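Subject: Structure for you to look at

Hello,

Here is the structure I said I would pass on. Please open it and keep it beside you while you read the notes below.

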Amino acid sequence: MQSASDIRLFAGTGILSIVFFNYCYFTAMNQISISMAVVLLYTAPAFVTVLSYLFLKEGINLGKIAAVAGTILGCILIAGVTAGSRDITLLGIMTGLGSGFGYALYTIFGKFALRKYHPYTVTLYTFLIASVFLIPVTRLWTKAEIFLNTEVLFLSIGLGFVPTVLAYFVYTWGLEKTDGSKAAVIATVEPVVAMLLGVTLYGESLGAVQIAGALLILSSVIIVNLPARRKNAGRAADSSKLEH
């Protein structure tokens, strides 16, 4: 670490984002249906778009707004939310939105950290600080005997490394190269991948509504990238004119 004062950035990605978002997410799942909790989690791109405008000075255009709306609607279709599936509580809604907000904070704090540090460094200190905070809170040592089970240990390592540390590292790497709001929209392909894995690995049924939701999310990812391509094309044309 180059500066001890930058610890606040990693406290933001580790505690205010990862710890807070997971706490809110699992609390929401205990209060409302899982599908509703998933949809509220994926309000994150909307939070990222607003926060990026306020703190990172990123622009907001119709393309971004359409992409954010498309991803949220797509998640609703994939999750198959129905109002009567389970009682909806205020705590459930608030913690569900809190999970989306906490998820969004990783992008904001991560963007600031990436101005000085490599994506690997950001990921390393994020999870280091999150772990230091969680160990005394969860009193993990009182359940140490559970991890003596080979299967539990294997699954814990797999869950901790592949869908968590590795996923966040890849996201942080991508975040270094694009706007935060764009990265957040692109990351919403996660429920599409989860849907496809459910079909291929577990034989889950796939209806027209879920397919429409997946196409809507993929379309939103394409839309959010179109302005950058047009802008680059315009710059290339201007450069060509200057050369001639």
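Helices (DSSP runs of H or I, at least four residues) and strands (runs of E, at least two) are numbered from the N terminus. This is a predicted model, in which local features need pLDDT of at least 70 and side-chain atom pairs count only at pLDDT 80 or more, while totals for chains, interfaces and linings use all residues. Residues are numbered from 1 along each chain as its sequence is written, and side-chain values use heavy atoms, with hydrogens and water left out.

Overall make-up

The protein has 10 helices and 0 strands. Along the sequence the pattern reads α-α-α-α-α-α-α-α-α-α. Of its 244 residues, 36% are buried; buried means under 20% relative accessible area, exposed means over 50%, and partly exposed is in between, with a 1.4 Å probe and protein chains only. A contact means heavy atoms within 4.5 Å. Among contacts between residues at least 6 apart in sequence, 85% join residues at least 24 apart.

Helix α1 and the cores

Helix α1 covers residues 7-31, which is 25 residues. From its first C-alpha to its last it reaches 34 Å, close to the 36 Å expected at 1.5 Å a residue. The expected span is 1.5 Å times one less than the number of residues. α1 has a kink of about 25°, centred on F20. The bend at a residue is the angle between axes fitted to the seven residues ending there and the seven starting there.

A nonpolar core is a set of buried Ala, Val, Leu, Ile, Met, Phe, Trp, Tyr and Cys residues joined through side-chain atoms within 4.5 Å. Which members of the largest core touch the most other members? They are Y25 and V122, in a core of 35 residues. The largest share of this core, 7 residues, comes from α1. Apart from this core lies another, of 5 residues, among them A67, V68, V185 and V221. Not counting residues up to four places away in sequence, Y25 touches A37, V38, L41, T95 and S99.

The 12 residues of α3 should span 16 Å at 1.5 Å a residue, and the end C-alpha atoms of α3 are 16 Å apart, which agrees. The buried residues of α3 are A44, P45, V48, T49, L51 and S52. Their cover includes α2 (34-41), α4, α5 and α8 (180-186).

Just after α3, K57 takes a positive phi of about 60°. Most residues other than glycine have a negative phi. K57 is in the loop between α3 and α4 (62-79), and K57 counts as exposed because its relative accessibility is 68%.

E58 is found in the loop between α3 and α4 as well. Is E58 buried or exposed? E58 is buried, because its relative accessible area is 9%. Leaving aside neighbours within four places in sequence, E58 is in contact with S52, Y53, K64, K111, D179, G180 and S181. One of these, D179, is 121 residues from E58 in sequence and 7.2 Å away in space, C-alpha to C-alpha.

R139 also has a positive phi, near 50°. R139 lies in the loop between α6 (119-138) and α7 (150-175), and R139 counts as partly exposed at 46% relative accessibility.

Cavities

A cavity is a set of points, on a 1 Å grid over the protein atoms alone, where a 1.4 Å probe fits but cannot get out; lining residues have an atom within 4 Å of a point. Grid points are joined across faces, edges and corners, and a volume is the space filled by probe spheres set on the points. How many cavities of 30 Å³ or more does the whole structure hold? The search finds 2. The largest cavity has about 80 Å³ of space. The residues lining the largest cavity include Y42, Y103, Y106, Y171 and T188. Helices α3 (44-55) and α5 (90-114) each supply at least two residues of this lining, and α5 gives the largest share, 4 residues.

A residue in α10

L216 is in helix α10 (residues 208-243). L216 is partly exposed, with a relative accessible area of 26%. Not counting residues up to four places away in sequence, L216 touches G70, L73, G74 and L77. L216 and G74 are 142 residues apart in sequence and 5.3 Å apart in space, C-alpha to C-alpha.

Regards

Terms used: On a 1 Å grid over the protein atoms alone, a cavity is a set of points where a 1.4 Å probe fits but cannot get out, and a pocket is an open set with protein on both sides within 12 Å along at least five of seven lines; lining residues have an atom within 4 Å of a point.
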